Amino acid sequence: MKYKTQKIAYYFWALSILLLVLQITYGFIMGFARIGMEGLHEIIPFNTARATHTNLLVVWLLSGFMGAAYYIIPEEAQRDLVKPKLAFLQLISLALVGVTAIVGYHLNWWEGRKFLEIPRPLDWLVVVNVLLFLGLILVTLFTGKRKTTTALVLSMGLFFAALLYLPGMIQFDSQTMDSFFRWWVVHLWVEGVWELIMGGILSFLLIKLTGVDREVIEKWLYVIVGLTFLSGILGTGHHYYYIGVNKIWLIIGGIFSMLEPLAFMAMALFAVNMYRKGEKNHPNKIALYWTLGAAIISFIGAGLLGMAHTLPQVNLYTHGTLVTAMHGHLAFWGAYGMIVLAIMSYALPNLTGRKRYDTSGSRLAYWLSNIGMLGMTLAFGVAGVAQVYLERRYGMDFMDVQNEIKVHFAVLIILATLFATGITFYVIEFFKYGLPNDEALDMNLD
Amino acid sequence: MLSKKQARALFLGGTVVTFLIFIGLTVFSLSKAQDQTNREDITESVVRGKLIWEKNNCMGCHSIFGEGAYYAPELTKVVERRGEPLIKAILMSESPWNPKGRKMVAYGMTEEEANDVIAFFKWAGNVDLNGFERIVSPLAKERLSNQN
Ligand code: HEM
Ligand code: HEM
Ligand SMILES: [Fe+2]
């Protein structure tokens, strides 16, 4: 590392890793419930497991993004982070709010609004926490020696992500209004501002790993985030088809959301081309794998599998079925899970001074988790398509269909085990690095 | 080829323009004249029902308007399909309702609470969902009778 305060990143990532493991545990609880093993029903009913699974996902990703910002911003701005002690305070409060929310879900303390289950009183603590985070990052950036495009795009993503949290806190009497503004958070996050965060991290990694000129990479970064907003903002309409608002969204949402994959395609082409162009032979191959993997799998999971059900004619039948779950898994994994694991893989050797670049454990982690997740996507997909035909086209009863497709969840559990084995290798590798230390200062290969 | 400056202009310009259109469409589609939800029918009972729906995270297993989880049936138009007495019995039951081998949480609601939830379902069942209400499974009575 180049600045001592970059070490803070490590602790955010350690939290991230811990929450990822918990998230997967709750995934298994749901998987087993779906094949009829509901032994935990009294303590952890399905809705508790689900809210915990998805919220842990969001929090580990956010903690991963925050770690990335604490690592990247000092290096880009060429100065130490301002007030590192406050960053630790922010980490602890983030962990506390997260734990409180998760415990609450087990005690029926929540607001059943998919992805935004955190009760409003806790929302306010989230707001304070994020303001503190943004303050530290932005002051560091703007008092630094450089304001690079990479740092600006990353910070802009984080800033707008915070701002867009607010519409989700408004209370409505109408389910339609509730849903309408819930998407301002959920959709405008994952198909908008989070792509800026992803783009910023991707650009940083490509600059470091391929050695291609910063000017070239950052120009493409603007093109990518330009495509993102151009399509993604009006693409929100793909969630407004069938919730009780005007039909105009069928046209607007249909057209613009069909364009959304372009941003992901640009990201994949960009990453692969920069890799081809790059002359630097960076020894941290595994970080390069994760980086290119994120760009490619996000194009498949978000771009192609999103496109598969985004036209209103298709969505009419797939809306709210396991087809959505298929897409949700590969999109979140490819775009945001993998980019967080990529920046960790890149930064850990620099933070700890241990050059464990190409271990068999890290390669197993990469391949097992990705093959596992692709297989899980397939299992969800087969179950989803069968559900759409049996239930929505031929009118079979919901539970009869669920019993028909049970077998795909047995397959899902096997593949999820493969995935979880990969993640286990990742976790072991993570902790084998040991703690970050000052001896690693200036030992970067870059 | 595009310069970095032009790329930035594309980003900023595109964002501002599409965002303004988005706000315009939002205002338009939420205006009173475009209402498809029968706003005047949202009584206090419906609002209480919605709060009970949220407080118990029913959406963590079920879906409504196609949004939520995929573990239990879609509940748009559920009153039409199953009838009030059955729904009431399920909500007020002290032991888990367990149809075809999948358990629901036993909420043991009072009769008033159950009535509020049903009022919420009835309101939701009358919202014009641009055709989705006819697709949602198990089939709405309406569609069954159209087919026969
Ligand atoms: C990384 C980016 C993305 C992520 C993480 C993501 C994730 C998700 C998730 C979790 C849902 C379920 C949301 C809910 O019901 O509350 C969803 C729904 C949906 N996504 Fe994405 N998505 C991404 C990108 C895209 C793209 C680019 C498209 C279109 C081309 C798309 C199309 C859709 C559609 C149409 C639905 C609604 C499904 C339904 O009606 O049930 N998504 N997405
Ligand atoms: C052991 C691994 C996992 C298993 C067995 C698993 C299983 C499940 C199940 C059964 C659901 C609920 C679907 C329903 O409502 O019926 C779910 C939801 C979800 N999971 Fe996982 N999951 C796993 C890992 C992951 C990972 C690694 C991610 C993200 C990178 C993820 C993201 C999601 C999302 C976004 C949803 C909500 C999907 C939607 O509402 O459409 N899961 N998962
Ligand atoms: Fe979306």
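Chain B, to begin there, is divided into domain 1, covering 1-34, and domain 2, covering 37-147, with the bounds coming from an automatic or database domain assignment. Taken over C-alpha atoms, the centres of domain 1 of chain B and domain 2 of chain B are separated by 37 Å. Please keep in mind that this is a predicted model, in which local features need pLDDT of at least 70 and side-chain atom pairs count only at pLDDT 80 or more, while totals for chains, interfaces and linings use all residues. Residues are numbered from 1 along each chain as its sequence is written, and chains are lettered from A and ligands numbered from 1 in the order in which they are written.

Turning to the interface, 57 residues of chain B are in contact with 58 residues of chain A, where contact requires that the two C-beta atoms, placed from the backbone, lie within 7 Å. On the chain B side, the elements that each supply at least two residues are α1 (4-29), α2 (44-55), β1 (63-64), β2 (67-68) and α6 (132-135); helices here are DSSP runs of H or I with at least four residues, strands are runs of E with at least two, and both are numbered from the N terminus. Of these, α1(B) gives the most, with 13 residues. By class, this side of chain B has 29 nonpolar, 17 polar and 11 charged residues, where Ala, Val, Leu, Ile, Met, Phe, Trp, Tyr, Cys and Pro count as nonpolar, Asp, Glu, Lys and Arg as charged, and the others, Gly among them, as polar.

Next, the ligand. Which chains surround ligand 1? Residues from both A and B do, so the site is shared between chains. The shell holds 27 residues, the closest being A:Ala302, A:Gly306, A:Gly328, A:Ala331 and A:Ala335, and a residue belongs to it if its C-beta atom, placed from the backbone, lies within 6 Å of the ligand. In chain A, α6 (175-210), α10 (285-307) and α12 (322-352) give two or more residues to this shell, and α12(A) gives the most, with 6 residues. The shell comprises 9 nonpolar, 14 polar and 4 charged residues.

Finally, two of those helices pack on each other. A:Leu202, A:Leu205, A:Leu206 and A:Leu209 in α6(A) meet A:Ala287, A:Leu288, A:Thr291, A:Ala294 and A:Ala295 in α10(A), and the residues of this contact divide into 8 nonpolar, 1 polar and no charged.
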